[in-house]
Amino acid sequence: MLALVVASPQAPGGDGKAPLVIDGLRLINGTQIYCKSIGTGIPLLIVHGGPGLDHSYFLPQMTQLADTYELIFFDQRGCGQSSVHVDSAAMTVDAMVEDIDKVRDAYNLNTVNLMGHSWGGLLAMLYAIKHGDRLNSLILVNSTPPTSALRDSSIRIMAGRTTPADSAQEASVIQTAEFKRREPSAVREYFRLMFRGMFHDPHDEEGLTLTFRPDYAERSALLKYLARDTTLRRYDLLSQLESVSCPVLIIGGDSDLVPPASNEAIHRHISGSQLVIMKNCGHFPFIETPAQFFPAVRTFLQKVQDR
């Protein structure tokens, strides 16, 4: 059952008017999932990164698309405003992929345009492999790599970008009583320090919205069960990606922690896919390079619609 709430958006649509916002909880795949739609028009289902974040970091920037598209966001199981009461055995990658499909179905969409960012990109690729017939198009934005080897390379790149000053600040935050209690303000400060190295210009981190709830400690403990999913340890999706037949847009940043080989590998294995690398851009192109990002998305989706 959806609890409907109509609220003011964080930013107006392209016509200067406030887009319609509807949010609430839906029973999805055995748990209460928080869903939010912004705007009206062609549906675009957007999957956030993490694991452990929620949809809020897309806002307000992504509302630039709400003048033309109905943006459908949801908080992954156990995350954000979704229920924390999840069976630990159901904290799996497969369950999260099925959540995407159940959200699609809950909005009465036979097929959908799907966008996944970072970790959400990995889930979106798995969805396309399993449910490709339910996709109009797929947009991968700075996606977690399609192989565990490339993912591990990204982790090393990220570690190499952490400055001594940032490391010292992170260590200082971790030692505080507030962080040990997982108080939202301390958790937010820690993640801001961690994400700083993911931006081409570290000052752009100031545009990143990070929201953590008072029960984050309980949610963090729940996510540890996801880490036990063996499918995350060693994987290689490249051969399976060759089955994806819908239009695909792959977006990366020339300063991203995801190595160029990752986006290029996805591009090679999905016939007809389009690869766009944003200049002077790290991991969050909708914040760092909106003048490149939003026209690329609009042009791609318009071509999909005109097919």
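Colleague: Hello! Is His-131 buried or exposed?

Modeller: A word on ground rules: in this predicted model local features need pLDDT of at least 70 and side-chain atom pairs count only at pLDDT 80 or more, while totals for chains, interfaces and linings use all residues. Residues are numbered from 1 along each chain as its sequence is written, and side-chain values use heavy atoms, with hydrogens and water left out. His-131 lies in helix H2 (residues 119-131), helices being DSSP runs of H or I with at least four residues, numbered from the N terminus. Buried means under 20% relative accessible area with a 1.4 Å probe, protein chains only, so at 7% His-131 is buried.

Colleague: Thanks! With which side chain does the side chain of His-131 make a polar contact?

Modeller: His-131 touches Glu-98 and Asp-101, not counting residues up to four places away in sequence; touching is contact, heavy atoms within 4.5 Å. A polar contact is a pair of N or O atoms within 3.5 Å; within protein, one must be able to donate a hydrogen and the other to accept it, and residues adjacent in sequence count only if both atoms are side-chain atoms. At 2.9 Å, the partner is the side chain of Glu-98.

Colleague: And Glu-205, which side chain does its side chain make a polar contact with?

Modeller: Glu-205 is found in the loop between H6 and helix H7 (216-226), and it is buried, with a relative accessible area of 6%. Among the residues that Glu-205 touches is Phe-199. The polar contact, at 2.5 Å, is with the side chain of Arg-192.

Colleague: Which helix do the buried residues of H3 pack against?

Modeller: H3 covers residues 148-161. Its buried residues are Ser-148, Leu-150, Arg-151, Ser-153 and Ser-154. They pack against helix H9 (260-269).

Colleague: What is the volume of the second largest cavity?

Modeller: A cavity is a set of points, on a 1 Å grid over the protein atoms alone, where a 1.4 Å probe fits but cannot get out; lining residues have an atom within 4 Å of a point. Grid points are joined across faces, edges and corners, and a volume is the space filled by probe spheres set on the points. H3, helix H4 (164-174) and helix H6 (184-196) each supply at least two residues of this lining. The volume is about 50 Å³.

How values were computed:
Buried < 20%, exposed > 50% of the residue type's maximum accessible area, 1.4 Å probe, protein only. Expected span 1.5 Å × (residues − 1). 1 Å grid on protein atoms, 1.4 Å probe; cavity = no way out; pocket = protein on both sides within 12 Å on 5 of 7 lines; lining within 4 Å.
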